[in-house]
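Work through the two exercises below with the sequence and the model at hand. Each task is followed by a solution in steps.

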Amino acid sequence: MKERDLRGLIGKVKAGKLSRRGFVQAMMAVGIGAPAASQILLSSGVAMAQSPSTYKPTKRGGGGPLKLLWWQGPTLLNPHFAVGTKDQDGSRLFYEPLAAWDPDGNLKPKLAAEIPTKENGGLSADGLTVTWKLKQGVTWHDGKPFTADDVVFNWEYAKDPATAAYTIASYQDVMVAKVDQYTVTVKFKKPTPFWADAFVGTRGMLIPKHLFADYIGAKSRDAPTNLKPVGTGPYMFKDFKPGDLVTGVMNPNYHQANKPYFDTVELKGGGDAVSAARAVLQTGEFDFAWNLQVEDEILSRLEKGGKGNVSVTPGGSIEFLLMNTTDPWTEVDGERASLKTKHPTLSDPEVRKAMALLVDNKSIQDHIYGRTGPATRNFLYGPARFESKNNPIEFNVDKANDILEKAGWKKGADGIRAKDGKKLKFVYQTSINQPRQKTQAIIKQAAQKAGIDIELKSVTASVFFSSDVANPDTYTKFYCDLEMYTTTMGQPDPGTHMLQFVSWEAATKENKWQGRNITRWQSPEADKLYRETEAELDPVKRVASFIKLNDLAIQNQVVIGIVQRPGVAARTVKLNCTISGWDNNTWDLSDWFKDA
Amino acid sequence: MSRQYVIRKLLIMIPSLLGISVVLFSLLALAPGDPFDELATNPAVPPEVRAALRAKFGLDDPVWMRYWHWLTALMQGDWGFSFVSRMDVSTLIMQRLPVTLVVIGASQILAIAVAIPVGVLAATRPYSLFDQIANTFAFIGFSLPTFFTGLVLILVFSIQLDWLPFVYRADISATGWQFYWEHIKQSIMPVMVLGLFQGAALVRFVRSSVLDVIRLDYVTTARSKGIGERKVITRHVVRNALIPVVTLVALQMPIVFSGAVVTEQIFRVPGIGSLLITSMLSNDTPVVMGVTFVSACLVVIFNLIADILYGWLDPRIAYR
């Protein structure tokens, strides 16, 4: 469906000629899911039907203990210093942001009274100002009221470079001001389509001004509240042993009626993923276990006990194959894979086309990842509204052979194709991780049938993913022909994710290989599309541009999507919880409850 | 044994501890990895934050200067500050210490309680059926790694029989008898795994030590004087045979502090061992340094204690 058709339909809904349901059905017919469709309506100014709450308990408390198992326990509880999801998840028991991302990538208000939209005046037409209305009558766990001053303080705290907050990127380029006791504005320097970053989601948790005001800047590490959180969340802090245990008790003054359900909460850390799955699925010792990077086969076997089930939450993480556009084997100006070079064989588009035909996504899903890795060719596939339908999975060895033959790559005596004395021999690297080595083997086997020789290389994860400038084996240096890893997408907006394809982000010696464009692909067309998304305030057009950018990269075989990597968690049968791939596991903890 | 000897030994400890700390510190400084590595791969964190943090925690200073800071702070009783958890290293260690002492201590006691009677009995009837069985079990016991026996116990007692929990929780909310019962229940498996593993090795040691003594002339003399067999064994044989065992056990005591990395990981026991391993994985050098240095001190101190004990138990050994 083209953008124009879409607009026609939205216009009809606005004019009342088409019902919301009719619109959603029309979208489903062309392969756009219901959540995506309603998001399109929302962004086009048609109010969203609030999803009915599934929360059943009619009074606060009485649910007994809630036992959570994270196989890596939180090591600190100040959300501005929380680097990994474990620390953010732990902080989220006590702290809340203004709004959080639900599973469909839509905002749900937490400490905000409502989500800013153009219609309620929250978003200015020029894309420069966001006005947040705060929920009134919210108190911190120590009884002090939550006001606009706290919100402004969090901005001051995080943006100060001396504080060294990990959240600084969300706050340093915006201006936050108090309008009245319960209203704040966030102002941007230039029109910003993705405005929901500061005070939202994983990096938006708010800390109290009255306890942190004296510890801004260089003194930040001395704040006693760093280790004893005082937030607004559904549970109040009780005890914390880094890496081992976080415990909390019900907040009797929580700002949502009848919540939370559980009397106490504990988050236990340590151990390994398999035994964590066991403790929930097989023995029921725990109610919920996080991030189960375990083979689906094992999970299915553990599930048979019937005590718990596995929940798979789609997000944006993608396991993908990168093809180097530069020559990793020649040194130019003291740098391998320099932008001044071209890959000797992969620069032939026909070779790339053939490579894409040799990736057997289906087998990789069926034999390796199962439910924990649905096959896809896209690089950008979530939230659903960003998913392109233009890249079907095609695995065809004969066709690959055909393409190579026609392009003049002839098989030699050793069965390896060559042209002008250059052989199709590639080195393919990834980190040491069993599913990855199996995937490498599947691709190598198919390539062999097409006369392409692949040498497999696996690097210890701690080296592969390190930022060590001196080490040649890091994934950002990409000193070989092919590589594979998973990249995550922390927010439901692909802005950062798609930097993979813009020329100015190429990872080079100059930027100490910190650039996000690992293949070092240089495409004026891609740059132009990305620039468009940066300034485009119309959400529908913006979605269209991102989809086009994804298609451009996939159809030029810069990268090849292999499988999606959704979040995998285990929970007991009775536990009701909503997990979002766009926010922390504990983003909606206030709404968790157990069936009686 | 002279007082002079003890004082001399104590003085020698100082340079050896300094040497150990230099080696530990430079090893950790040379090892690849950076506590703020995770930030570098996170697109949402600008590189300046990482630079600011490195400067704040003094990571950009030369190694010798960092060592000097560490040493002078230690002299004043400051163990350092964890990069990852942002709290004092001593607090982190103290949080983990009680659990470690209880679990590992109990397993040591179990090891001794099993090993001594079994070893002595086996030695007094060498090559009897009991000796054969004890030997076989001892061999099996110390050949099987703890991660294997741990998993087997979990499969049998937690999953098949559903008797015991396999996740150790330091904060049991129950009170009174219930509290102790819950603690005992969750400690049974880790204590058994560790205790029997160490006990197995100790059985072999006790047996051979008793066998050495039991053949000596004074034992024959004691028997020919008409002293009952039980008395001969307990009064004359065991007492002398246990001298080397005592030293061995004394030397094992530092292990009680440093914990058991593998077993703690399997049962999620929040002990020093699991603190050490997580700190290593996150490159939290001050914590690694703290834990390893405390262990090193304990090894040196218990060595001294073993020396002194030896002289006291066996006056034939003289120190000069």
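**Exercise 1.** Determine how many residues of chain B are in contact with chain A, and describe that side of chain B.

Solution. Step 1: 39 residues of chain B are in contact with 39 residues of chain A, two residues being in contact if their C-beta atoms, placed from the backbone, lie within 7 Å. The model is predicted: local features need pLDDT of at least 70 and side-chain atom pairs pLDDT 80 or more, while totals for chains, interfaces and linings use all residues. Residues are numbered from 1 along each chain as its sequence is written, and chains are lettered from A and ligands numbered from 1 in the order in which they are written.

Step 2: H3(B) supplies the largest share of the side of chain B that touches chain A, six residues. Helices (H or I, at least four residues) are DSSP runs, numbered from the N terminus.

**Exercise 2.** Find which residues of helix H11 (residues 361-369) of chain A are buried, and where they lie around the axis.

Solution. Step 1: Asn361(A), Ile364(A), Gln365(A), Ile368(A) and Tyr369(A) are buried, that is, 20 or more other C-beta atoms lie within 10 Å of their own, C-beta atoms being placed from the backbone.

Step 2: These residues are on the same side of H11(A) because they cover an arc of only 110° around the axis, taken from the directions from the helix axis to the C-beta atoms.

Step 3: Lys362(A) and Asp366(A), exposed (12 or fewer such atoms), sit on the face of H11(A) turned away from its buried side.

Step 4: Just after H11(A), Gly370(A) has a positive phi of about 60°.

Technical notes
Helices (H or I, at least four residues) and strands (E, at least two) are DSSP runs, numbered from the N terminus.
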